[in-house]
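Please read the following report alongside the sequence and the coordinates shown here.

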Amino acid sequence: MDDLNLALKNGDITLPQLMMHWADTIPDGLAVREKDLGIWNRATWGEYFAKVRGFALGLHAMGFGRGDRLAVASEDTPEWLYSDVATQALGGMTVGVYPTNPWPELSYILKHSKSRVIVCGDQEQVDKVLEAEAADGAFPDLELVICVDMKGMRGYDRSRLKSFDEVVQEGLDHASGHPEDADIFRDAVLAGKPDEAAVVVYTSGTTGPPKGAMLSHRNLIVASYPLIDQFNLTRDRYSVVCYLPLCHVAERIFSTILSLMIGGEVNFAESIDTVQVNLREIAPQVFLGVPRIWEKLQHSATIRIQDARPTAQRIYHWGLAVGRANFAKIEAGGQLNAAESARQFMAQILVFNPLQRFMGIDKVHCGFVGGASISPEVVRFFRVIGVPLYQVYGMTETAGLAFFQNADKATVGATGIAAPGLQYKIADDGELQIKHPSIFLGYLDNDKATAETVIDGWLQTGDVVEQLDNGEIAIVDRKKSIIITSGGKNITPSEIENALKDSIFISEAIVVGEGRNFLGALLQIDYDTVGKWAQAEGMAYTTFSHLAGLKPVQELVAKEVARVNDAFARVENIRKFVLLKKQLDHDDGELTATQKVRRNVIETKFKAEMAEIYG
């Protein structure tokens, strides 16, 4: 194990080699669980290996090999992992496609990546491929479409469409009929090199077409190792729920990379909509959430307590008040006295423990948030109720992780210290620049963008940061997102937007004002929360648009905006806002697949709303 730990620390091993290691050493150990028809089905490391080997042999039989690309367009399933590792075992690269991507984005990625094979999760994803071909022309490199769930596809042309299980069986049959190929899989795995490209991750494309960032095995393993080292992650202390898209580098780290590094357990949620139910069923030990997930967990507790009996509500608010007061004292460097410790113990028993169980995070010994900026109040809430929530910072081009908090460095609102061995500097304009073995290999077939992003070995992150006295950094905002008003004042919109989203009635906030003489905001109400409020007030409504247009709803949100304005300087106040009559949507081009707002299209997309604010 010492040799393995050294290899992990230095990145001197590949992901398929790790998979084979666990299959050889703990073949009966639990690797994967997936819920199907209400039952959690298990797969051991031996079964994991068998599926990967069979699929890899099937790809090999069709001529797939080193340097080739395989795309995956699917919800999270075990087959996603099997396809990923099998592709890498043959020296190929896996190209993730978000299952929410509309066909034009899928078409762009398939053509740009020159993928020879695509694995689709179901009929919907296969139809996107066919629709893209019909509307956008054939994919010259695409030879085979593989589908995991063949339901509803009996009448489809099968000339180049196969099921996942068919490819696995063909691979096994080919190997049995060709003795010379019996060991081809193990030979290919052992021949893998850590610095070979393993995956291509297409960036969200908030400011233009997505770029394919190539990441090597070493990039991914070196970036992930600090979490193992700092948080003592072992097989016995690692179970996760996989629910974010696996083509996103953050989910890949937690559900693929770390699992392969320590032999940990991955549980597949039924869907992102059932995450909270699945969390309660699994009670994971480690949990990663993007800000929106943590916000939803907090809001669900807030809404749930509103329906509780008055006595339960009083106990809940008493417990939160005790926790907040004690946390503030500890945060300021103080220590709790005997009376405060006693009240904290009672609050933990009566409020915090039941709250954690309701959310399904009562077994979490380290929780992480990353992927976008998060309100400090959300982080503070979870720490108050006893969940060790740490902020992490990274990007696709750093293989996911560059800075992280731990028990000793966990300032609310900051994002931690540099990973061991990482060099960084802050430019005169505040931009963070990084140098580390986790820095990506470059953008696929885009030398110009690579040269603009990595200069003299330093990655230009595009993020403006501040250095704190304790060594942590705090993200100010994306460099391109900072607003400069007509008076020359630089405004950081994310801080204001996060404060607005602290309200349970506001799900999205976009602060505008570039070149204007005051700030405005486009706000999206939380449909469930505001709808519940409207019903309690005796107001009828039919649609999201109808609800957002009600005058009492406008007045409700206006109070929330006024509350936020009181916390900021006058120049940072929202003078006018408009409630959006539709929910922002990825299919309409307003959000990226990771639910980040595409700021470059907002003012164009919502011209009427902008005119309402500025005339």
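The report below takes up a helix pair, a sheet and one aspartate.

This is a predicted model, in which local features need pLDDT of at least 70 and side-chain atom pairs count only at pLDDT 80 or more, while totals for chains, interfaces and linings use all residues. Residues are numbered from 1 along each chain as its sequence is written, and side-chain values use heavy atoms, with hydrogens and water left out.

Helices (H or I, at least four residues) and strands (E, at least two) are DSSP runs numbered from the N terminus. Two strands pair if DSSP finds at least two bridges between them. The elements discussed are these:

| Element | Residues |
|---|---|
| α13 | 310-331 |
| α15 | 376-384 |
| β12 | 286-289 |
| β13 | 366-369 |
| β16 | 417-418 |
| β22 | 473-478 |

Helices α13 and α15 pack at about 105 degrees with their axes 9 Å apart, and they are therefore roughly perpendicular to each other (65 to 115 degrees). Residues in contact (heavy atoms within 4.5 Å) include Y316 and F327 of α13 and F381 and V384 of α15.

An open sheet of mixed pairing is formed by 5 strands in the order β12-β13-β14-β15-β16, with β12 and β16 as the edge strands, each pairing on one side only. Strands β12 and β13 pair in the parallel sense over 4 bridges, and G289 stands opposite V369 in β13.

In strand β22, D477 counts as buried at 7% relative accessibility (under 20% relative accessible area, 1.4 Å probe, protein chains only). A polar atom of the D477 side chain lies 3.0 Å from the backbone nitrogen of S494.

Methods. Axes fitted to C-alpha atoms, helices over the stretch in contact; angles between N-to-C directions. Parallel < 35°, antiparallel > 145°, perpendicular 65-115°, else oblique. Buried < 20%, exposed > 50% of the residue type's maximum accessible area, 1.4 Å probe, protein only. Polar contact = N/O pair within 3.5 Å; in protein donor to acceptor, adjacent residues only side chain to side chain.
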